[in-house]
Amino acid sequence: PCTLYFAFSLSTMATNRAGLQWASLVAAICSVLLAFAGSGLICMLIFRPVREVIERAESLSRGDYSPRPPRRCFFSEIADLSDALEVAREEVSKADSMQKELIANVSHDFKTPLTMIKAYASMIKEISGNDKAKREAHAQIIIDEADRLSALVTDLLDLSRLEAVEERREIFDLSEAVEETSARFSYLKEKGYTIETEIAEGIKCFADRARIQQAVYNLISNAVNYAGDDQRVRVKLFEKEGGARLEVIDSGKGIPPEEVDHIWDRYYRSTGTHKRPVQGTGLGLSIVKSILLAHEIPFGVVSETGKGSCFWVEFPTPAEDKEETV
């Protein structure tokens with residue numbers, strides 16, 4: 001038998017052991033440093049963009065709608081959130097500017113009739129009090145201007161309260177409702193306007209009758225205000241597959257292509273010039289939009305510059321089992 005002997009120097013083992021300990025310590029320090037570096041990188045990639053989004057949201061809440069240059073983000077979700085916030089900023093900024101313009105326009109619209117009411121009241125008091133013909137003429141102007149103020153207030157209240165008002169839906173005669181609403185404009189014949197109606201009989205609808213009549217009234221009013229030189233407005237209601245279609249057509253200047261997407265917006269006013277025999281604030285179409293969206297009824301407009309506009313609404317056929325809801 002053979003015997004093998006291995007000999008090791010204890011001093012060498014101690015040296016190697018000390019080297020391993022120092023290597024482990026260096027590796028641990030490097031790992032900690034890499035961890036800190038990685039954490040900082042993650043903060044730059046995630047937390048910094050999130051913080052920027054939060055700051056932008058806070059600035060919006062303070063009314064600061066100034067645009068900010070977009071920043072690139074590694075994570076698509078944060079980038080999508082930033083883009084959505086930018087879209088919201090643009091929409092809020094547009095609404096804010098339109099609201100300020102509306103306030104300026106309404107203030108002017110209020111100031112004019114109030115001035116006339118005061119002026120003619122003073123004339124009745126000081127000049128025409130004993131002259132019956134002049135007194136009645138001046139009083140009629142005061143009444144007309146008061147009606148104009150009432151219309152302005154009604155439009156503003158309708159727009160602000162529309163979503164809060166509880167609806168009462170039922171099956172009703174849409175043909176009768178449209179005919180009744182169109183007849184309210186018969187007084188315009190004295191001013192040379194023609195309201196032509198082509199209304200099929202017996203068409204039914206499931207909706208809030210008062211609200212639908214309000215929408216129809218606003219559409220006809222808008223068509224009258226933008227009527228062409230022939231001062232003619234056509235109101236058509238006819239059956240079509242799956243329901244009925246209402247069309248309100250004018251022969252005015254039409255709507256410029258760049259404005260078609262905005263005419264339904266709240267606070268928006270067309271830049272075109274037109275006569276306004278029916279007084280209002282320019283809020284009529286936004287009220288129509290709110291009513292029809294609440295009823296989930298499709299609507300739209302077809303217009304060509306110089307050839308007038310056709311506003312349409314498509315009413316679905318009511319189901320026979322529909323019951324009145326409050």
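Contact here means heavy atoms within 4.5 Å. The structure is a predicted model, so local features need pLDDT of at least 70 and side-chain atom pairs count only at pLDDT 80 or more, while totals for chains, interfaces and linings use all residues. Residues are numbered from 1 along each chain as its sequence is written, and side-chain values use heavy atoms, with hydrogens and water left out.

Not counting residues up to four places away in sequence, Leu174 touches Ile203, Lys204, Cys205, Ile212, Leu237 and Phe315. Leu174 also belongs to the largest nonpolar core, a group of 38 residues, where Leu174, Ile212 and Leu246 have the most contacts. A nonpolar core is a set of buried Ala, Val, Leu, Ile, Met, Phe, Trp, Tyr and Cys residues joined through side-chain atoms within 4.5 Å. Buried means under 20% relative accessible area, exposed over 50%, and partly exposed in between (1.4 Å probe, protein chains only). Elements giving two or more residues to this core include helix 4 (174-183), helix 5 (209-225) and strand 5 (243-250); helices (H or I, at least four residues) and strands (E, at least two) are DSSP runs, numbered from the N terminus. Helix 5 hands over the largest share, 7 residues. Apart from this core lies another one, of 5 residues, with Ile117, Ile124, Leu149 and Leu152 among them. In soluble globular proteins, nonpolar side chains tend to be buried together.

On to the charged pairs. The whole structure turns up 9 salt bridges, each being a side-chain nitrogen of Lys or Arg within 4 Å of a carboxyl oxygen of Asp or Glu. One of them joins Asp173 to Lys204, with the closest N and O atoms 3.9 Å apart. Asp173 sits in strand 1 (residues 170-173) and Lys204 in strand 3, so the pair ties together parts that are 31 residues apart in sequence. Lys204 is partly exposed, at 42% relative accessibility.

Glu180 and Arg209 form another salt bridge, at 3.6 Å between the closest N and O atoms. Glu180 is partly exposed at 43%, whereas Arg209 is buried at 19%. A salt bridge also brings together the side chains of Lys307 and Glu304 (3.6 Å, N to O); here Lys307 is exposed, at 61%, and Glu304 partly exposed, at 45%.
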